[in-house]
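Trainee: I have this one open now, could we go through it together?
Mentor: Gladly, let us take it piece by piece.

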Amino acid sequence: MNTSLWQGKSEITYRSAIAKNDSFDISIIGAGFSGLWSAYHLKQLQPALKIAIFEKEYVGFGASGRNGGWASAEYPTSGRRLINEHGLDSYKQLRTALTNSIDEIGQIASLNKWQIDYAKGGSLLFATNKAQLARISAEIDDEHQLLSKAQVKEMVNIPSALGGVFTPHCAALNPFLLCQSLAAHLEKQGVEIFENSEVTKIQKGQIIVNDFKVRSEISIRATEAFTPRAWQENKQIPIYSLMVATEPLSNELMAEIKNYSRATLQQACHLITYAQFTGDNRLALGGRGVRYKLFSRLSERSEVDNRMHSALERRARAWFPQLSGTKFEYRWGGPVALTRRWQSYLNFDRNSGVAQIGGYVGDGVTLSYLVSKTLAQIISNKPTPNLAFIDQKIGKWEIEPIRYFAVNAGFKATVAADYEERITNRPSLLAAFIDPLINR
Ligand SMILES: Cc1cc2nc3c(=O)[nH]c(=O)nc-3n(C[C@H](O)[C@H](O)[C@H](O)COP(=O)(O)OP(=O)(O)OC[C@H]3O[C@@H](n4cnc5c(N)ncnc54)[C@H](O)[C@@H]3O)c2cc1C
């Protein structure tokens, strides 16, 4: 069953759908982090604004309610490329803004007494073979610290870890609770949230929602991987990330595993695998690798893939053999949006009043906060830092079926690169060949 751990087994009570023609200063399409934080920051800057959020399902239905709960400072595009294309100064501004955003999310939650299981314990990238260790050791900068095998073991007991890289810039949180808390907060501020309300048209001064006309000077599309295909112009594709979560672990098991600070965990593989220990002592672990669908189709069947979910459970037990007798209670998944050059984007056309934000790939928990805040500043004519995602020109993906073959070949090559490193204990030659093609 594709229900995330975060949403749990509780039934969702839908808010009302829109039921008449209406008018607002700002209409927001999508009630994930991007839509909710946009409303939050706009209200902070202009409390008198009349804002509505339209969501075709319910608050947190999309990736925001089902992700790994890493509020990290990661960014989809590589640092090297950002410096080449935007300059060192802009890169530094982005790094500062991202790291500050993690704290801001925690501070806002704490100030408003939101129970979102926020814990800023940093993040550990660990290596289980010499090739991974060589690769991650070569990428140390002033945000990351190299840890020996003994230091890793002291922090979190992953018996196969040979060493790792630690950054303090990451918090673990419960993403669905963050969505719900934000939505309740916004409603208290007078923002109207309509669920079961699908937007079918966005045009200057007006959107169409469930066949009703809603006038608004500004519309914000915050629909990320769930963006209807007609609006995508072949500029982004959905890539699935799947997750599993254990039952709550006993205190004895937690004492064996340690990780008292709830650092988030990632293995230094080419195929991404990430995990957090939750506020109620479960291991929630996720990874990529589900086949991309021809014509960028969204598919609920891609969210529950037995083969992939079983592989994730095996992966969890390989990291922590201590979990041999532990049950897995949840399996779920969802799509993230990938643009051709891994660019996140914030585009606001003041003439038509239409804004579009997204393209976060798997880094949207913190990044959506920063992008939404920046958008609110731009709409409110406030100064912003010089951030790489502002006014990005997003290129089109290759036509099908070239796109289909290229994306899926990319996945296969990534798996093969991990295999090559396990066998040879040297950084993968295959990865060195495909990295430029992936164009990150
Ligand atoms: C399994 C998984 C794990 C992840 N783990 C992490 C992680 O640990 N850390 C991290 O930083 N990022 C992670 N991500 C990515 C992160 O969750 C997303 O980048 C982020 O949540 C995107 O937020 P959003 O609000 O832009 O989009 P979404 O949360 O996807 O919201 C878009 C919303 O728009 C609605 N919508 C679409 N079309 C319409 C329409 N026509 N009318 C009305 N509503 C519409 C959808 O129903 C949806 O609710 C993960 C993603 C997945 C799927």
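Trainee: Which way do β1 and β11 pair, parallel or antiparallel?
Mentor: Bearing in mind that this is a predicted model, strand β1 (residues 22-29) runs parallel to strand β11 (residues 212-221), and seven bridges join the two. Ser23, for instance, has Arg215 as its bridge partner in β11.

Trainee: And how many bridges are there between β1 and β2?
Mentor: Four bridges link β1 with strand β2 (residues 51-54), again in the parallel sense, and here Ser27 is partnered by Ala52 of β2.

Trainee: Switching to α10, which of its residues are buried?
Mentor: Those are Met308, His309, Leu312, Ala316 and Trp319, and because they cover an arc of only 100 degrees around the axis, they lie on the same side of α10.

Trainee: Why would residues a few places apart point the same way?
Mentor: An α-helix has 3.6 residues a turn, so residues three or four places apart point the same way.

Trainee: What covers the buried residues, then?
Mentor: The cover includes β12 (236-246), β15 (283-288) and β16 (328-339), while the face of α10 turned away from the buried side carries the exposed residues Asn306, Arg307 and Arg314.

Trainee: OK, the ligand: which residues come nearest?
Mentor: Of the 45 residues around the ligand, the nearest are Gly30, Gly32, Gly62, Gly68 and Gly364. Elements that each supply at least two residues of the shell include α1 (33-45), α2 (63-66) and α11 (364-379), as well as β12 and β16.

Trainee: What is the shell like by class?
Mentor: The shell around the ligand has 20 polar, 18 nonpolar and seven charged residues.

Definitions and conventions. Residues are numbered from 1 along each chain as its sequence is written. This is a predicted model: local features need pLDDT of at least 70, side-chain atom pairs count only at pLDDT 80 or more; totals for chains, interfaces and linings use all residues. A residue is buried if 20 or more other C-beta atoms lie within 10 Å of its own, exposed if 12 or fewer, and partly exposed in between; C-beta atoms are placed from the backbone. The arc is that of the directions from the helix axis to the C-beta atoms. Two residues are in contact if their C-beta atoms, placed from the backbone, lie within 7 Å. A residue is near a molecule or strand if its C-beta atom, placed from the backbone, lies within 6 Å of it. Ala, Val, Leu, Ile, Met, Phe, Trp, Tyr, Cys and Pro count as nonpolar, Asp, Glu, Lys and Arg as charged, and the others, Gly among them, as polar. Two strands pair if DSSP finds at least two bridges between them.
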